[in-house]
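Trainee: Please take me through this structure and tell me what stands behind each term you use.
Mentor: Ask as we go.

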Amino acid sequence: MKTGKGLAVVAAALAGVVALSACGGGEAKDTGPASLRMTVWSANEAHLKLFNEIADEYRKSHPNVAEIKFDPIPFETYTTTLTTQIAGGNAPDLAWVLENSAPDFVASGALLPLDDTIKKAEGYRYDDLSPATLKLWQNDGKLYAYPFSTSPFGVFVNTDLIKKAGQKTPAELMAAGQWNWENALATASATQQATGKAGLVIRDFDYKTWDNLASFWTGWGAQAWSADGKSCGFASPEMVEAMTTLHKAIFTAKALPGPGTTADFFAGDAAMTITQISRASLLKDDGFAWDLVPLPAGPKGPYSVIGQAGLGVMKKSRHADVAADFLAFFTNPTNSAKLAQFFPPPRQSLLTAENLAKTNPKLKPEQLQKVVIEGITNGVVKPTHAGQAELSQQVRAGLDPLWKPDADVKAVLDGVCAKIQPLLAK
């Protein structure tokens with residue numbers, strides 16, 4: 001949740017960096033041994049273990065680096081907390097930047113251009129980076145963050161739970177050419193009724209993080225705003241149809257848990273969840289039988305939605321040059337292959353089922369091919385826009401009346417556009 005106060009902090013923090021950059025100000029550089037801090041949104045033990053292993057390897061050949069610390073911040077407050085740190089003079093040296101705040105960070109002057117450092121790094125192979133993955137992180141021909149993770153959304157499936165409910169599994173529906181939203185929601189509803197467990201959970205949505213619903217509505221050809229970012233898309237017929245379907249699935253069919261109800265798929269509490277492959281690390285070897293399949297086809301046919309995270313160096317860092325050098329090491333071909341276990345890389349040479357399978361022992365090559373590789377090839381990125389923080393608050397507030405059984409879907413969506421169209425038109 002981004003409060004009004006949080007939004008002001010975001011704007012003030014980034015505006016302050018622009019002012020400092022313009023007048024040549026900023027933090028004084030520190031010539032002593034570097035202690036680097038990198039903010040990340042994941043506190044997952046497997047993720048942090050790998051990060052620390054790479055950092056330890058770097059420090060072996062860089063005695064000028066005393067420490068590299070990874071600082072987890074909860075996903076739901078990540079951007080607000082990061083920008084609060086920047087505004088308070090406690091900026092990290094490196095930071096993950098989520099795709100929904102990428103336009104603001106890239107244009108703000110908060111981040112150090114990376115091109116020179118990474119292109120000169122030994123064995124880096126900059127040309128191996130897919131140009132399509134770089135677009136969101138570039139401005140005026142310069143790269144301001146490395147596309148650390150380009151990860152399509154897929155559906156993790158608890159096959160034990162679905163079979164217990166006497167339903168066809170998504171894999172069986174796929175084999176019959178019937179893996180679509182109509183059947184997915186029917187399966188989720190039937191499983192909920194038969195087992196008492198949740199049917200389908202859109203992970204990290206929780207009736208707050210609305211942009212994760214792009215993994216649903218894109219199947220109807222709906223979008224939050226036009227490609228040029230100037231026109232609201234929430235009142236479109238496609239969005240009304242998609243959100244009407246979702247509303248019925250929640251409040252009539254009980255296919256999704258309603259507001260105020262939580263269900264953790266990875267604890268066995270739901271039949272299906274929409275999320276990214278980095279979550280596979282939460283699966284337990286002694287848990288339930290599971291599968292990973294692409295998003296169901298929508299009325300407009302098959303589709304894929306991608307979440308991106310960039311890794312950037314803060315220009316105000318006292319050790320910006322050292323931080324950039326570590327970023328080049330962290331994302332070189334060798335370490336990209338290791339990180340691909342959780343975070344699909346932008347390196348074209350690594351984006352094969354065979355290569356990804358080497359570091360993803362829990363996932364089958366065909367799952368990686370269908371969900372990850374084809375998803376990256378054909379997917380669209382979640383909604384992003386300059387001034388995203390204020391837009392996000394207005395969209396969330398506008399959608400709040402939708403999460404009631406008797407909501408007038410079209411009226412609510414018209415109200416969302418009334419709120420955000422003036423912002424889009426700026």
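**Terms and values**

Mentor: Helix 9 (residues 181-195) lies across strand 8 and strand 9, running at about 130° to strand 8. This is a predicted model, in which local features need pLDDT of at least 70, side-chain atom pairs count only at pLDDT 80 or more, and totals for chains, interfaces and linings use all residues. Residues are numbered from 1 along each chain as its sequence is written, and side-chain values use heavy atoms, with hydrogens and water left out.

Trainee: How do you know which strands pair with strand 7?
Mentor: Two strands pair if DSSP finds at least two bridges between them. Strand 7 has four bridges to strand 9 (residues 270-275), in the antiparallel sense, and four to strand 10 (residues 290-293), also antiparallel. V157 is opposite M272 of strand 9, and V155 is opposite V293 of strand 10.

Trainee: How does strand 8 run relative to strand 9, parallel or antiparallel?
Mentor: Strand 8 and strand 9 run parallel and are joined by four bridges. L200 has M272 in strand 9 as its bridge partner.

Trainee: Why are strand 8 and strand 10 said to stand at the edges?
Mentor: The four strands form an open sheet in the order 8-9-7-10, with mixed pairing. Strand 8 and strand 10 each have a single partner strand, so one side of each lacks a neighbour in the sheet. From one strand to the next the twist averages 15°. Helix 15 (residues 365-378) lies across strand 7 and strand 10, at about 40° to strand 10.

Trainee: What makes strand 7 "mostly covered"?
Mentor: Buried means under 20% relative accessible area, exposed means over 50%, and partly exposed is in between (1.4 Å probe, protein chains only). Five of the five residues of strand 7 are buried. G154, F156 and N158 are on one side and V155 and V157 on the other, so both faces are covered by that rule. Strand 8 is also mostly covered, with five of its five residues buried.

Trainee: Why is helix 3 called largely enclosed?
Mentor: Seven of the ten residues of helix 3 (residues 78-87) are buried, so the rest of the structure largely encloses this helix. The buried residues are Y78, T79, T80, L82, T83, Q85 and I86. Just after helix 3, G89 has a positive phi of about 75°.

Trainee: Why does D115 count as buried?
Mentor: The relative accessibility of D115 is 9%, so the residue falls under the limit for buried. D115 is in helix 5 (residues 115-120). Leaving out residues up to four places away in sequence, D115 touches Y126, G141, K142 and L143, where contact means heavy atoms within 4.5 Å.

Trainee: What residues make the contact of helix 2 with helix 12?
Mentor: The axes of helix 2 (residues 45-60) and helix 12 (residues 320-330) come within 10 Å and cross at roughly 115°. Axes are lines fitted to C-alpha atoms, for helices over the stretch in contact, and angles run from 0 to 180 degrees between N-to-C directions. Helix 2 contributes F51, I54, A55, E57 and Y58, and helix 12 contributes V322, D325, F326, F329 and F330.

Conventions: Helices (H or I, at least four residues) and strands (E, at least two) are DSSP runs, numbered from the N terminus.
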